[in-house]
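User: I want to learn how to read pockets and surface patches. Can you take me through them step by step?

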Amino acid sequence: QIEYDNNTYIVTAIAPSAFQGCTGLTDVSIPASVKTVGDDAFEHCPLLPVHDMLYYADTYLIGPYECSITGTFKIKEGTRWIGNKAFNEIMCIRTIELPASVESIGTEAFRMCDFLKTVTLNSNAEIGQNAFIGTKAINEINIYSEEVPKILDEEGAFDESVYQQANIHVTTGMKDNYRNAYGWKNFTNVTDNLLPASVKKIIPDNTEKIVARYNLQGETVVQPTKGINIIKTDGGKTYKILVR
């Protein structure tokens, strides 16, 4: 909140370059009320916390501190936003994995990352304009979400060459959803062979009796159906299981 002229205002945005060059800034906490963070808002703030070679402003990832030797960046669980231009023109990155907590990938976040080949999404994070434009080496995208990530700009999300060459792996039963989805229908090679992160890898206790079974659309099914099934037991528990 901001108090000004006897009025209280809820902070919903941080302006471009707002904290640029604040060399003494050591900590930032961004509340859920903030929906947008402008370009270069925390550029050249060297004392912000570094985790696995990445700059963070609370749950907002600003960008890499320096390139890793392996080219693989690990983004910590709990990160909600990937900032605008966070990895823009970072040449050394080859593999990126986003945790389930990520809600948004900023504008030009991975633009012109010339050697980035593999992208793994564990959430249905919203993909901003030109997020992967100019990143032409992408040949594999793995999406473990049970929902199709929203692409804001169909023309600018990925390069045309990526639509043709990349192999898209999505969760079981979701292939047709991607075939018809804005931005994703441009991809030629889509395979639904992944197990969602939320699916239980353990078998329900044999003493539990299944009292209801549903598909991912919430429709009741009588018999086990190939793909993801949602089951409820007489013990009051709910499981997601994969039926092969």
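Analyst: Start with residue classes. Ala, Val, Leu, Ile, Met, Phe, Trp, Tyr, Cys and Pro count as nonpolar, Asp, Glu, Lys and Arg as charged, and the others, Gly among them, as polar. Keep in mind that this is a predicted model.

User: How is the lining of the largest pocket split by class?

Analyst: Eleven of its lining residues are nonpolar, six are polar and three are charged. The lining has 20 residues. The volume of this largest pocket is about 380 Å³.

User: Which residues lie nearest the centre of the largest pocket?

Analyst: D40, E43, I62, K85 and A86 do. Strand β7, residues 60–64, gives the most to this lining, with four residues.

User: What is the volume of the second largest pocket, and which residues lie nearest its centre?

Analyst: Its volume is about 250 Å³. Of its 18 lining residues, K35, T36, N84, S104 and G106 lie nearest the centre. Strands β4 (36–37), β9 (81–82) and β11 (104–105) are the elements that each give two or more residues to this lining.

User: How many residues of each class line the second largest pocket?

Analyst: Seven are nonpolar, eight polar and three charged.

User: Now the surface. Which residues make the nonpolar surface patch?

Analyst: I2, Y4 and Y9 make this patch of about 350 Å². Y4 lies in strand β1, residues 2–4.

User: Is Y4 buried or exposed?

Analyst: A residue counts as exposed over 50% relative accessible area. Y4 has 58%, so Y4 is exposed.

Note on methods: Residues are numbered from 1 along each chain as its sequence is written. This is a predicted model: local features need pLDDT of at least 70, side-chain atom pairs count only at pLDDT 80 or more; totals for chains, interfaces and linings use all residues. Side-chain values use heavy atoms; hydrogens and water are left out. On a 1 Å grid over the protein atoms alone, a cavity is a set of points where a 1.4 Å probe fits but cannot get out, and a pocket is an open set with protein on both sides within 12 Å along at least five of seven lines; lining residues have an atom within 4 Å of a point. Grid points are joined across faces, edges and corners, and a volume is the space filled by probe spheres set on the points. Patches are made of residues with over 30% relative accessible area and no salt bridge: like charges are joined within 9 Å, nonpolar side chains (Val, Leu, Ile, Met, Phe, Trp, Tyr) within 5 Å. Accessible areas come from the Shrake-Rupley method with a 1.4 Å probe; for residues, only the protein chains shown count as cover. A salt bridge is a side-chain nitrogen of Lys or Arg within 4 Å of a carboxyl oxygen of Asp or Glu. Buried means under 20% relative accessible area, exposed over 50%, partly exposed in between (1.4 Å probe, protein chains only).
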